[in-house]
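Here is a short report on one protein model and its ligand. Please look over the sequence and the structure before reading on.

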Amino acid sequence: MTTTTTNIKNSKIIKILKKHFPEAKCALNYNNPFELLLATILSAQCTDVQVNKVTPILFKDFPTPHLLMNAPVTKIESIIHSTGFYKNKSKNIIACSRSIVEKFNGEVPSSIAELITLPGVGRKTANVVLSNAFAINEGVVVDTHVKRISKRLELTKNHDEKKIERDLMKLISQNDWGIFSHLLINLGRTFCKSQKPKCDSCPLKSICPSASKCKQVQECKCHAPKSASATLRMVAIAR
Ligand code: SF4
């Protein structure tokens, strides 16, 4: 374990956010890994609230991969229409179900390597399913909130999701990989919004290197740190 890893693990960022958002968890409703997998696929370009309105009907009519793989595509399209991109999503969840049945004996697999072989499943979806449904932290979920806020906190200077995830995995204790995205999503929805972040009332304002830059800016552009030492500086401040 590197010094940096130890520092960030003990940093105030996660402690403060855990204290501020003690209920932080996955906002999608599900009862098992298969339901979470479907809900996460449907959540692409859609709000969790909207997905949660649709999934009770989908899960009731098609509770297993065996049933969903044989569903008429038009029936699935009509159920999930309001989540957007419904044609692709319908094809993907049907094909995904077939793949689960044919390759994994009807059980959702529990590793990233296996999950990303399923149609419609990328690394982000795989990480969501693993950390929330299986309590396995194999990676860090990098969604739009995590991407934006990680840059503002200068935990990364990359733009590519895979590189951002790699940076975060180096900086954060593996035990916190799962909760980290929920904490940042909560922060992003309440304080660290894309436009007009509320730095004055943000619980991280005293340790965030972007607090003064983002303040009163219509759309924050301060995503990239100016120097490689910025992260270490922030970590030092946070200790
Ligand atoms: S201080 Fe501002 S830029 Fe930093 S995390 Fe909070 S809201 Fe975001």
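The text below covers the ligand shell, the nonpolar core and some residues within them. The model is predicted.

**Ligand shell**

The ligand is surrounded by 14 residues. Closest are Cys192, Cys199, Cys202, Cys208 and Ala211. By class, the shell holds 10 nonpolar, 1 polar and 3 charged residues. Two helices, α10 (144-152) and α13 (211-214), each contribute at least two shell residues.

Helix α10 also has buried positions: His145, Val146, Ile149, Ser150, Lys151 and Arg152. Just after α10 comes Glu154, with a positive phi of about 60 degrees.

**Nonpolar core**

In soluble globular proteins, nonpolar side chains tend to be buried together. Here, the largest nonpolar core counts 50 residues. Leu38, Val129 and Phe180 have the most contacts inside it. Helix α3 (residues 33-42) gives the most to this core, namely 7 residues. Domain 1 (3-22 + 142-183 + 197-234) and domain 2 (33-133) each supply at least three residues to this core.

**Contacts of two residues**

The table leaves out residues up to four places away in sequence.

| Residue | Touches |
|---|---|
| Phe180 | Ile14, Val140, Leu168 and Ile172 |
| Leu36 | Leu28, Tyr30, Val129, Asn132 and Ala133 |

Leu36 lies in helix α3. Is Leu36 buried or exposed? Leu36 is buried, because 23 other C-beta atoms lie within 10 Å, and the cut-off for burial is 20 or more. Leu36 and Thr125 are 89 residues apart along the chain, with their C-alpha atoms separated by 9.4 Å.

Technical notes: Residues numbered from 1 in each chain as written. Predicted model: local features only at pLDDT ≥ 70, side-chain atom pairs only at ≥ 80, totals over all residues. Near = placed C-beta within 6 Å. Helix = DSSP H or I, 4+ residues; strand = E, 2+ residues; numbered from the N terminus. Nonpolar A, V, L, I, M, F, W, Y, C, P; charged D, E, K, R; others polar. Core = buried A, V, L, I, M, F, W, Y, C linked by C-beta atoms within 7 Å. Buried ≥ 20, exposed ≤ 12 C-beta atoms within 10 Å, placed from the backbone. Domains from an automatic or database assignment. Contact = placed C-beta atoms within 7 Å.
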